[in-house]
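Visitor: Put the structure up, please, and let's chat our way through a few spots.

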Amino acid sequence: SAFGKAAADVPTGPLVFFQNGISLLLFAPFILRHGTKELRTTRIGLHVVRALTGLLSQALFFIAVKKIALVDAVLLANAAPLFIPIVALVWMRTSIRPAVIASLLVGFVGVIMILKPSAELLKDPAALIAISAAAFSAVALVSVNTLSSTDKSNTILFYYFFISTIATLPFTFMQWQTPQGNQWMYLLGVGVFMALGQLFIILAYKHASAAQIAPFNYSVVIFSGIIGWMVWHTALDMTALLGIALVCAGGIASILFTAKKQSHAFVLSHSHHGQRVDGAE
């Protein structure tokens with residue numbers, strides 16, 4: 001996320017292409033080490049839905065993070081757990097428990113405190129773009145939850161990175177500007193850290209459930225705040241800090257209550273921040 005913000009002069013198309021293309025190059029040898037059997041699937045259509053919604057989430061995030069504070073963009077894009085129960089209700093007709101509804105209300109109050117609704121928000125809608133990234137992320141995560149009942153995590157990862165790389169290729173050609181100086185490092189960092197994030201997520205979920213890991217997922221907000229302060233000298237007011245605390249609390253509570261209800265489901269994140277935001281073993 002920080003590399004994406006640093007690459008403010010790089011168009012979004014190449015940025016997302018490098019993120020997914022590098023991840024594909026790094027993961028493909030591991031996934032295909034035993035041949036193509038990991039690629040077998042009967043749900044290619046759902047893989048496409050997952051990839052395209054995830055891709056939209058990434059693109060919207062990169063557009064937003066170039067204009068607003070890193071911690072705000074990361075937090076709003078990580079608000080996907082607040083949208084997951086709503087997407088599941090509309091798509092899967094899954095009921096929302098009262099405890100989950102309460103946690104969602106807490107989280108959305110925090111979102112409003114960060115957005116600070118005013119006329120300025122319409123003039124510069126970067127924060128709204130970031131929260132839109134979370135909504136698309138939620139659709140992608142529900143898609144993964146459905147895919148996980150039949151496909152392995154390696155299969156889901158491969159098709160996500162493969163479809164995303166192919167889908168962004170035309171936009172990369174249209175928007176291509178030869179990177180200069182540090183821009184190459186930023187593009188490389190976006191891809192490498194996306195892949196590393198996914199790798200560590202996979203390893204973490206071999207040892208613990210989502211209910212145990214959920215609070216640690218939101219440490220991304222702490223790291224974003226520290227990086228934003230050190231690199232861009234971004235300070236947060238008390239309203240924003242309280243909003244951040246409410247979004248984190250609402251998101252974590254939503255994950256915990258959902259995990260208790262769906263003890264055998266898991267969700268593997270696709271997005272820019274590289275989190276799995278829901279699930280249990």
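Visitor: Where does threonine 155 sit?
Guide: Threonine 155 is in helix α9, residues 153–175. Helices here are DSSP runs of H or I with at least four residues, strands are E runs of at least two, and both are numbered from the N terminus.

Visitor: Before we go on, what kind of model is this?
Guide: This is a predicted model, where local features need pLDDT of at least 70, side-chain atom pairs count only at pLDDT 80 or more, and totals for chains, interfaces and linings use all residues. Residues are numbered from 1 along each chain as its sequence is written, and side-chain values use heavy atoms, with hydrogens and water left out.

Visitor: Back to threonine 155: buried or exposed?
Guide: Threonine 155 has 2% relative accessibility, so it counts as buried. Buried means under 20% relative accessible area, exposed means over 50%, and partly exposed is in between (1.4 Å probe, protein chains only).

Visitor: And what does threonine 155 touch?
Guide: Leaving aside residues up to four places away in sequence, threonine 155 touches Glu38, Leu39, Arg40, Thr41 and His47. Contact means heavy atoms within 4.5 Å.

Visitor: New topic, helix packing. At what angle do α5 and α8 pack?
Guide: About 55°, with the axes of α5 (residues 80–92) and α8 (residues 126–147) 8 Å apart. Axes are lines fitted to C-alpha atoms, for helices over the stretch in contact, and angles run from 0 to 180 degrees between N-to-C directions. The two helices are therefore oblique to each other. The classes are roughly parallel under 35 degrees, roughly antiparallel over 145, roughly perpendicular from 65 to 115, and oblique for the rest.

Visitor: Which residues make that contact?
Guide: On the α5 side they include Phe83, Val87 and Trp91, and on the α8 side Ile131, Leu141 and Thr146 are among them. By class the contact has 14 nonpolar residues, three polar and no charged. Ala, Val, Leu, Ile, Met, Phe, Trp, Tyr, Cys and Pro count as nonpolar, Asp, Glu, Lys and Arg as charged, and the others, Gly among them, as polar.

Visitor: What about α4 and α6, what angle is there?
Guide: Helix α4 (residues 70–77) packs with α6 at about 150°, axes 11 Å apart. That is why α4 and α6 are roughly antiparallel to each other. From α4, Asp72, Leu75 and Leu76 meet Val111, Ile114 and Leu115 of α6. That gives five nonpolar, no polar and one charged.
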